[in-house]
Amino acid sequence: MAQDILLPGAVLSLTAQAADRLLSAADGDAALLYLHLLRQSGAYVPAAAAKALKWGPERTAAAYDHLVRLGLADGAAPPPSAPAVRESDEPPEYTGADIARELENGASPFRALADEVQRRLGKILSTADLKMLYTLYDYLALPAEVILLLVNWCVEEMERKYGPGRRPRMSQIRREGFVWHRLGVDTVEAAEEHLKKQSALRARESALLPLLGITGRAAVEGERKYLAAWLDMGFGDDAIRLAYERTVLKKQSMSWPYMNSILRSWHHKGLHTVEEIQAGDSGYPRRSPAPAPDRQAPPPSGEQEDIAWMKRFLAREREHDGKEGS
């Protein structure tokens, strides 16, 4: 940030020059981001700014770019983002006092978030549950809106698999939250796009499983990953069924890894339809052309029939004359 426009220390202040530039720009996002930068002594960390302002990365980047154009930020490359948190990484050991302090903080959205999660799960969250919820909120830095979308999705999945009224445990929601974080689903926009994709996969799943000889149940998580990968590659139902038939022919039963290797091979060759596979896969059995039908003499015409009758008549006459002369 342009250091000559900021006042150091605990006092947040801006010069008349900075105020004039912000007012003339008439950009509320730029003004809010500038206040955040003042609060951080000029340090611009995109992820921290987005969390503090409850924005997505695109909105945060656009506001910062405008500040650069206004001369209120220096445009230097922000520090590299921290590596994505993995579920195997150990989150902080939150205490009951940590949770109580956050719930009592009137400026924190966590109290409202906890109340809404309790309502959607239909139960009072225990201290252990609240710690897991706070892990999503504080450690993974997922916005409250994203966490609520996550909870809704887990509730829908539980009811779809096990029937109405079934609710997920907080440990299941926490585990799915780490998956979302690893996939970069950490904004409302990204969450909505992710859920749209998952809903489409759910709809296709009911049509794909019977093609693989599976009926009467939903796909398990490992199977869903395979199905999602095949659909992302661009395969339709017919090609997936063809890969299944080749798998069963080779393995005598369904093998997800083997079938996946077939489809990945076709994908790398750019073959995605049955017609393309039959034409371009060297391993696909070629059918020998059917033998040409035997050529048969065309049926005789009327004139040919007359000539043939005349030949038979003359032959009989010669035979008759020979008998009379003997």
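1. Helices here are DSSP runs of H or I with at least four residues, numbered from the N terminus. The model is predicted, so local features need pLDDT of at least 70 and side-chain atom pairs count only at pLDDT 80 or more, while totals for chains, interfaces and linings use all residues. Residues are numbered from 1 along each chain as its sequence is written, and side-chain values use heavy atoms, with hydrogens and water left out.

2. Threonine 247 sits in helix α12 (residues 237–251). With a relative accessible area of 0%, threonine 247 is buried (under 20% relative accessible area, 1.4 Å probe, protein chains only). A polar atom of its side chain is 2.8 Å from the backbone oxygen of alanine 243. Beyond its neighbours within four places in sequence, threonine 247 contacts (heavy atoms within 4.5 Å) Gln252, Ser253, Ser255, Tyr258, Met259 and Ile262.

3. Isoleucine 99 belongs to helix α5 (residues 96–104) and is buried at 3% relative accessibility. Its C-alpha atom is 6.9 Å from that of lysine 131, 32 residues apart along the chain. Residues up to four places away in sequence aside, isoleucine 99 touches Tyr94, Phe110, Leu130, Lys131 and Tyr134.

4. Helix α2 (residues 28–39) and helix α3 (residues 46–53) have axes that come within 11 Å and cross at roughly 115°; axes are lines fitted to C-alpha atoms over the stretch in contact, with angles from 0 to 180 degrees between N-to-C directions. The two helices are therefore roughly perpendicular (65 to 115 degrees). Leu32, Leu33 and His36 of α2 meet Ala48, Ala49, Ala52 and Leu53 of α3 in this contact.

Technical notes:
Buried < 20%, exposed > 50% of the residue type's maximum accessible area, 1.4 Å probe, protein only. Polar contact = N/O pair within 3.5 Å; in protein donor to acceptor, adjacent residues only side chain to side chain. Parallel < 35°, antiparallel > 145°, perpendicular 65-115°, else oblique.
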